[in-house]
Amino acid sequence: MAIAIINILVSGLVLGGIYALISVGLSMQYGVARILNVAHGEFIMVGAFITWLLFTGYQINPIFALAVSGPFLFLIGYLVHRFLFKKLKENSPTIAAFEGNSILLAFGIMFVIQSLATIVWGSQVKGYSFMAYSVYLGDIRFSANRLMILVFAVVLCVLFYLFLTKTRTGKAIRAAAQDPESAGIMGVNINKMLALCFGLGALMAGFAGVLLSMVYPIQTTMGLQYTVIAIIVVVLGGLGSIPGSLLGGFILGLIGGIVNAIEPGLTLAAYYILFMLLLLIRPMGIMGR
């Protein structure tokens, strides 16, 4: 019984690590750039397919795919903000109008990326086998690839948090999020910071896609599901709160792991029930104000 509970908790933490990576990127894009990027899941999907392509086509280790998918999607995200969302913001009369219009633009980006991906990779479910063997810690058996995913997810989350809190660029991003006008007066290039934030969000989505592809099947229509999960995590943690998104990701992952062990078909339903309860009882989330 105790071994079964430990395995359920580890599965939940693995899922939570991936959710944390997904949601921290979306939280940054919304908290700083004021963009609810409904195309976020498509960046995850592209990261997963790049990894699949590198592994099955060129036998490149999925771990090294982190160094390919992440920077590539960062560049795409940076350019998308630079040439689309920046222009949209300049043409929007108010921040509220920009937030509304940016959702519509993100929907367009979502369908464009999904359509192009379907043309290139088809609509069939794909996957590969990587580190699909067991390791033992005492009497407890764990899946090697899931343990590795948990380690990488935690390391990436910690590095990202340290980047935001300890580096000069990270502090500039936080300043731009709290008070853009004052940050601009102090010499922070706001437009550059906003594009950087959007790119970093895409980077984290790409990392999540790499890790996802190691244990879960992938397909070109998978993006929206993970976008919805990321939104639930962001609301759970508190809108715009990076620590809240990290914590919320692991909490939702644990809930998913427990529900999945009881009845797999109810996992998504449990997420949506939690989402509805949050909106009704504590819409500001765990760490929101």
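Which residues lie nearest the centre of the largest pocket? They are Arg174, Ala177, Gln178, Gly240 and Ser241, out of 26 lining residues.

## Ground rules

This is a predicted model, with local features needing pLDDT of at least 70 and side-chain atom pairs pLDDT 80 or more, while totals for chains, interfaces and linings use all residues. Numbering runs from 1 along each chain as its sequence is written, and side-chain values use heavy atoms, leaving out hydrogens and water.

## The largest pocket

A pocket here is an open set of points on a 1 Å grid over the protein atoms alone, where a 1.4 Å probe fits, with protein on both sides within 12 Å along at least five of seven lines; lining residues have an atom within 4 Å of a point. This one holds about 770 Å³, counted as the space filled by probe spheres set on the points.

The largest share, 5 residues, is from α6.

## The second largest pocket

Next up is a pocket of about 550 Å³. Its lining has 22 residues, with Leu15, Tyr19, Tyr216, Gln225 and Tyr226 closest to the centre. Two or more lining residues come from each of α1, α9 (223–237), α10 and α11 (267–281).

## Where α10 meets α11

The α10 and α11 axes (lines fitted to C-alpha atoms over the stretch in contact, with angles from 0 to 180 degrees between N-to-C directions) come within 9 Å and cross at roughly 140 degrees.

Conventions
Helices (H or I, at least four residues) and strands (E, at least two) are DSSP runs, numbered from the N terminus.
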